[in-house]
Amino acid sequence: MNGTSAGGARGQEHPAVPFRTAVRVWFLVSLQTFGGPAGQIAVLQRTLVDERRWIGQRRFLHALNYCMLLPGPEAQQLATYTGWLLHGTRGGLVAGGLFVLPGALALLALSALYVAAGSTLAVTALFAGLSAAVLAVVAQAVGRVARRALRTRALAAIAVAAFLALSLFAVPFPAVVAAAAAAGWVLARRRPSTPPAESGQEADPGPRSVVPDDVLHGERPSARRTLRVLLVGSVVWGAPVAAVALLSGPSSTLTELGVFFSGAAVVTFGGAYAVLSYVAQQAVQVYGWLGPREMARGLALAETTPGPLIMVVQFVAFLGAHRAAGGLDPWVAAVLASLLVTWVTFVPSFLFVLLGAPYMERLRGNRSLAAALSGITAAVVGVIASLGVYLAVHTLFGRTHRLDWGVVSLEVPEPGTVRWVAVAIAAIAVALLFAARWSVLRTLGVCAVLGLAAGLVGLPVA
């Protein structure tokens, strides 16, 4: 492999792609990032590899594999990494930042709309349709991840164990991730085999790209650079939380939100659906920032906006701070909380990419890391299924009760409180997604209209 260097800190930029052009393209990409991680990665593939040839196919896949090892939204991290390849640190910051910005602004506006008008019949009915449709979206996510991840019976067993650990034993999400990584590593040690070859290793048929497969970024890893990035990144990440704690007190809702989501940002392996099981459990049952049905509504909103799905945490923060504003105006507290949580959720993604990117070639072909990742990916199937069951119980039924048998704890719906409108819309969403193969956005739109229509004709939607 040719280790051609592109020069110094500013000289690492590729003159073939002017920075102004890159900014414009990253902004256009950010407006197309609907459809969750799969859709976002497809947009990046089409734009960066197929159309503009900024990066070679194998280079793109290698970068994607690296980003999948990190906690956080892999598509946003992939954009950050590619921006770093092209224009150094400022390129990574712009690419990753623009990837998040449109969705953050859209969800902030939708959160405010929900708080202002969420009690009206029209809005309640609209969200009832969206919440029911989300159940089908989560089921689709389970199927997609399962087809990719559960290649053996042992990996399927890890998925089942993760589901049971979360659904019946209330095992903390970070512990599930750690155990799954250890299980994947142990399985690989006991059954050594050649890991599957990295797809796309054949020659890239297209014209030579700006960053070809055989020419990597010239910035070399060093202890000095690592310490500098780690120090600056940690200060930028933690300073807003520290400021909020000093100004509003360590026990304020704003501080709780900042601290909790700072911690959640480092355990978001497996994508947004996986970590949302953990977020929902903590936000609803531990902190009481919002109700379980509202969690489903927030997820529906995040599905309809561009950008990473984990942006739903902004909705959680907006509602939580608005209802427990302390001495602040509720709207001021809600906006501050929304911005704070967005900051602490995404700053770590930039830190992880900029910190580790120069080392990424050392990860190529690393069997131990690949084995641990396979265990985590398998567990993600069970984690997403656990989230689906949680949302289904609270969306399709009006009341639940908890049954406890020693260490086992199970939330059971009351059959007499079934919401038939939600059941019908969820069934329609399943048919549209799985049989008609509609897009997620189109399905959500139809189900929102169905919920609105049901409410306007007097059917029970609440």
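In helix 9, the buried residues are Thr253, Leu254, Thr255, Leu257, Gly258, Phe260, Phe261, Ser262 and Ala264. They amount to nine of the 12 residues of this helix, which is accordingly mostly covered. Helix 9 spans residues 253-264, and the distance from its first C-alpha to its last is 16 Å, close to the 16 Å expected at 1.5 Å a residue.

The structure described here is a predicted model. Its chain contains 16 helices and two strands. Of the 462 residues in the chain, 52% are buried. Among contacts in the chain with a separation of 6 or more, 75% are between residues 24 or more positions apart. The accessible surface of the chain is about 20,000 Å², and carbon and sulfur atoms contribute 66% of that area.

Two helix pairs that involve helix 14 were examined. Helix 6 (residues 153-167) and helix 14 (residues 367-396) have axes that come within 7 Å and cross at roughly 40 degrees. Helix 6 is therefore oblique to helix 14. The crossing of these two helices, helix 6 and helix 14, is right-handed. On the helix 6 side, the residues that meet helix 14 are Leu155, Ile158, Ala159, Ala162, Phe163, Leu166 and Ser167. Their counterparts in helix 14 are Ser374, Gly375, Ala378, Ala379, Val381, Gly382, Val383, Ala385, Ser386 and Val389. An α-helix has 3.6 residues a turn, so residues three or four places apart point the same way.

Phe163 belongs to helix 6 and counts as partly exposed, because its relative accessibility is 24%. Not counting residues up to four places away in sequence, Phe163 touches Gly382, Ala385, Ser386 and Val389. The C-alpha atom of Phe163 is separated by 5.6 Å from that of Val383, although the two residues are 220 residues apart along the chain. Ser386, one of the residues touched by Phe163, is located in helix 14. With a relative accessibility of 7%, Ser386 counts as buried, since the limit for that class is under 20%. When neighbours within four places in sequence are left aside, Ser386 is in contact with Phe163, Leu166, Ser167 and Ser277.

Helix 14 also packs with helix 7 (residues 173-190), at an angle of about 130 degrees and with the axes 7 Å apart. Helix 7 and helix 14 are therefore oblique to each other. Their crossing, that of helix 7 and helix 14, is right-handed. Helix 7 contributes Phe173, Val176, Val177, Ala180, Ala181, Gly184, Trp185 and Ala188 to the contact, whereas helix 14 contributes Ser368, Ala371, Ala372, Ser374, Gly375, Ile376, Ala379 and Val383.

Helix 1 crosses helix 4 in a right-handed sense. The residues of helix 1 in this contact are Phe19, Ala22, Val23, Trp26, Phe27 and Ser30.

Positive phi values in residues other than glycine occur at Arg53, where phi is near 55 degrees, and at Arg437, where phi is near 60 degrees. Arg53 is situated in the loop between helix 2 (36-51) and helix 3 (57-68). Arg437 is situated in the loop between helix 15 (420-435) and helix 16 (440-456). Arg53 is buried, with a relative accessible area of 11%, whereas Arg437 counts as exposed at 70% relative accessibility.

Glu303 lies in helix 11 (residues 292-303). At 6% relative accessibility, Glu303 counts as buried. The C-alpha atoms of Glu303 and Val137 are separated by 9.1 Å, while the two residues are 166 residues apart along the chain.

Notes. Residues are numbered from 1 along each chain as its sequence is written. This is a predicted model: local features need pLDDT of at least 70, side-chain atom pairs count only at pLDDT 80 or more; totals for chains, interfaces and linings use all residues. Side-chain values use heavy atoms; hydrogens and water are left out. Helices (H or I, at least four residues) and strands (E, at least two) are DSSP runs, numbered from the N terminus. Buried means under 20% relative accessible area, exposed over 50%, partly exposed in between (1.4 Å probe, protein chains only). Contact means heavy atoms within 4.5 Å. Accessible areas come from the Shrake-Rupley method with a 1.4 Å probe; for residues, only the protein chains shown count as cover. The expected span of a helix is 1.5 Å times one less than its number of residues. Axes are lines fitted to C-alpha atoms, for helices over the stretch in contact, and angles run from 0 to 180 degrees between N-to-C directions. Angles under 35 degrees count as roughly parallel, over 145 as roughly antiparallel, 65 to 115 as roughly perpendicular and the rest as oblique. A crossing is left-handed if the near helix is turned anticlockwise from the far one by less than a right angle, and right-handed if clockwise.
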